[in-house]
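Student: I would like to go through this model with you. Please show me the sequence and the structure before I start asking.

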Amino acid sequence: MWELACLLPQLTVFWSEIYENFEIPTRACVDRVYWPSPRLLLRPVRRRRGDRSPALDLPATPGNLQTAVFAGGCFWGVQGVFQHVQGVKNAVSGYDGGAANTAQYESVSEGDTGHAESVSVTYDPSNISYGKLLQIYFSVAHNPTELNRQGPDTGTQYRSAIFAQNAEQQKVAQAYITQLDAAKSFDKPIVTQIEMGKSFYPAESYHQDFLTENPSYPYIVINDLPKVAQLKNCSPINTAPNRCW
């Protein structure tokens, strides 16, 4: 049984290379458990070459933990990816980009609060740099060419956004986006927004650690476990001990 569970992410990746889009569970119907019916699309699969290392990065500062905040669709998968990265001390799902009084799942799900489902990543810059986190964010954690959506989930709350914590992060993030676009790392332009001066609000407890605690959940299996599998194949990115299966 465990052998089959380990194969599912690889089978999903293989299937997605043939059928780019799925009829797959969305966050709007997470209470209904069902499996996808693939649709053949007569267009080439979008190639992703976002694994280029950033030309500009922040210097290592031993002894001082730093924070980075990323939004890239459903926070379940983004959190799960960064929880598998060495040098990441903590990853918390939450909401960024809006006001405190609407930073709750029911309100954010309406898509009109200004929030994006986000993940606050606490990391040790002596083990992993901000630029390396950006590399993982663009190449593994999400698709930065999708505007106000991510996979099956649509709305501004699922937008691609980097919530820079300071001017230095903003500079490195913007330089990396420019680098990737110039190299045509993706078949479409990057739509990731860089936002500053916003506050992060942790999400409800039932959203925390969702991937690591529910690795067999259909939405996770289809949308997010392939990202973890891809992360393990990304060199020179090193992953933390496997906590998914």
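Student: Among contacts between residues at least 6 apart in sequence, what share joins residues at least 24 apart?

Tutor: This is a predicted model, in which local features need pLDDT of at least 70 and side-chain atom pairs count only at pLDDT 80 or more, while totals for chains, interfaces and linings use all residues. Residues are numbered from 1 along each chain as its sequence is written, and side-chain values use heavy atoms, with hydrogens and water left out. A contact means heavy atoms within 4.5 Å. Of the contacts in the protein chain between residues at least 6 apart, the share joining residues at least 24 apart is 77%.

Student: What is the mean pLDDT of the protein chain?

Tutor: pLDDT is the predictor's confidence in each residue, from 0 to 100. Over residues 1-24 it is below 50, and it stays under 50 over residues 235-239. In the protein chain 74% of residues reach 70 or more, and the mean is 82.

Student: In what order do the six strands of the open sheet lie?

Tutor: Helices (H or I, at least four residues) and strands (E, at least two) are DSSP runs numbered from the N terminus, and the protein chain has eight of each. Two strands pair if DSSP finds at least two bridges between them. In this open sheet the pairing is mixed, and the order is 7-6-1-3-2-8.

Student: Why is one side of strand 7 and of strand 8 left without a neighbour in the sheet?

Tutor: Strand 7 (193-196) and strand 8 (200-202) stand at the edges. One side of each lacks a neighbour because each has a single partner strand.

Student: Which residue is the bridge partner of G94 in strand 8?

Tutor: Strand 2 (residues 88-96) pairs with strand 8 in the antiparallel sense, over three bridges. Within strand 8, the partner of G94 is P202.

Student: At about what angle does helix 5 run to strand 7?

Tutor: Axes are lines fitted to C-alpha atoms, for helices over the stretch in contact, and angles run from 0 to 180 degrees between N-to-C directions. Helix 2 (residues 75-82) lies across strand 1 (66-72), strand 2 and strand 3 (116-123), at about 165° to strand 2. Helix 5 (residues 167-182) also packs on the sheet, touching strand 1, strand 3, strand 6 (160-164) and strand 7, and its direction makes with that of strand 7 an angle of about 175°.

Student: How many residues of helix 2 are buried?

Tutor: Buried means under 20% relative accessible area, exposed over 50% and partly exposed in between (1.4 Å probe, protein chains only). Among the buried residues of helix 2 are F75, W76 and F82. Helix 2 is largely enclosed by the rest of the structure, because its buried residues number eight of the eight.

Student: Are the rings of F70 and Y130 stacked or edge-to-face?

Tutor: Rings of Phe, Tyr and Trp (its six-membered ring) pair if their centres lie within 6.5 Å; planes under 30 degrees apart count as stacked, over 60 as edge-to-face and the rest as tilted. F70 lies in strand 1 and Y130 in helix 4 (residues 130-141), so the pair ties together parts 60 residues apart in sequence. With centres 6.3 Å apart and planes at 15°, the pair is stacked.

Student: How many residues apart in sequence are the parts that W76 and Y217 tie together?

Tutor: W76 and Y217 form an edge-to-face pair, 6.1 Å centre to centre with 85° between the planes, and both residues are buried. W76 belongs to helix 2 and Y217 to the loop between helix 6 (210-213) and helix 7 (218-223), so the separation is 141 residues.
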